[in-house]
Amino acid sequence: MGDRGASNHSELTDFILLGFRVRPELHIFLFLLILLVYAMVLLGNSGMITIIMTDPRLNTPMYFFLGNLSFIDLFYSSVIAPKAMINFWSENKSISFAGCVTQLFLFALFIVTEGFLLAAMAYDRFIAICNPLLYSVQMSTHLCTQLVAGSYFCGFITSVLQTSMTFILSFCASRAIDHFYCDYRPLQRISCSDLYIHKIVSFFLCSIIILPTIIVIIVSYMYIVSTVLKIRSTEGRKKAFSTCSSHLGAVSVLYGAIIFMYVIPDRFPELSKVASLCYTLVTPMLNPLIYSLRNKDVKEALRKIPGKKLFLFNSILKFM
């Protein structure tokens, strides 16, 4: 019986990504929509990386984290969007076994890394607001580098474990994945292996990823709110809250979608696809806007770019 399952698994050469269950005439619309969003992701995040790297005034811990956030958003969107657009444009919706493994591994790597990076950014805001006089000492270059490196390390380890667990399963039934990219839950649905232990381990992995980062974020903001409420100046409170509101917005969108996708029981595949769109494309598109385009330092850096190389960013600023 085991040999038969292993044989079926080894014979599998590719999968079919079913994508969204919509009428064929809507495929072109979805292709153009994803193309537009992905173009904005590329423009916004590559622009942010360029600005942060070239402007000396942005050489601070906050912008160091933002630069890494833009890098992560840029790459994990690139893992998903091109293949999704090809599937909407072409009748051939297949993805090779190796391609599916690679897509799941890279996506898990970047999405988990982003979760830990957002927790590091919450800690950075906690130090900046609650201990401003010690900020430059506590948030040293060495510590910032360690926090970012630790985020990537946690992402890598989690990705290796999750990808390995997923692809030791036997896929002896349908090759059709009811999703627009390779993810472990849709892959579980087409597996003929016993998933009891696999689901327990997957839930445990999600819990040790999501809970610690959420706890760090919540505790950091409890202290931040407590400190800000003690500020007598209305302008001072407004300024302090403005530095945190964008981070809270990004955290809410990302974690809301992830909890819906990976923690809540998997009963609504189509809603899961919509939630996936939020953190694979919508959040990476919005992050440069909600974090930076309303930031005074970034606006000044944009206006001083030689030759107006990022002319679209400068045009956007006129309306803000």
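**View A. Arg 21 and Asp 178 join their side chains in a salt bridge, 3.5 Å from N to O.** Here a salt bridge means a side-chain nitrogen of Lys or Arg within 4 Å of a carboxyl oxygen of Asp or Glu. Arg 21 sits in the loop between E1 and helix H2 (27-54), and Asp 178 in the loop between E3 and helix H7 (184-189), so this pair ties together parts that are 157 residues apart in sequence. Helices (H or I, at least four residues) and strands (E, at least two) are DSSP runs, numbered from the N terminus. Arg 21 is exposed, at 57% relative accessible area, while Asp 178 is buried, at 14%. Those words follow set cut-offs: buried is under 20% relative accessible area, exposed is over 50%, and partly exposed lies in between (1.4 Å probe, protein chains only).

A word on the model behind these views: it is predicted, so local features need pLDDT of at least 70 and side-chain atom pairs count only at pLDDT 80 or more, whereas totals for chains, interfaces and linings use all residues. Residues are numbered from 1 along each chain as its sequence is written, and side-chain values use heavy atoms, with hydrogens and water left out.

**View B. Arg 175 meets Asp 14 in a salt bridge of 2.4 Å, N to O.** Arg 175 belongs to the loop between helix H6 (141-167) and strand E3 (176-177), and Asp 14 to strand E1 (residues 14-17), so the contact links parts that are 161 residues apart in sequence. Both partners count as partly exposed: Arg 175 has 37% relative accessibility and Asp 14 has 21%.

**View C. Asp 55 and Arg 57 pair up through their side chains, with 3.4 Å from N to O.** Asp 55 is buried, with a relative accessible area of 12%, and Arg 57 is partly exposed at 43%. Elsewhere, salt bridges with shared partners connect Arg 21, Asp 178 and Lys 273 into one network. The count of salt bridges comes to five.

**View D. H2 packs with helix H3 (residues 61-89) at an angle of about 160°, their axes 9 Å apart.** Axes are lines fitted to C-alpha atoms, for helices over the stretch in contact, and angles run from 0 to 180 degrees between N-to-C directions. H2 and H3 are therefore roughly antiparallel, a label for angles over 145 degrees. By class, their contact has 21 nonpolar, six polar and one charged residues. Nonpolar covers Ala, Val, Leu, Ile, Met, Phe, Trp, Tyr, Cys and Pro; charged covers Asp, Glu, Lys and Arg; the others, Gly among them, are polar.

Technical notes. Angles under 35 degrees count as roughly parallel, over 145 as roughly antiparallel, 65 to 115 as roughly perpendicular and the rest as oblique.
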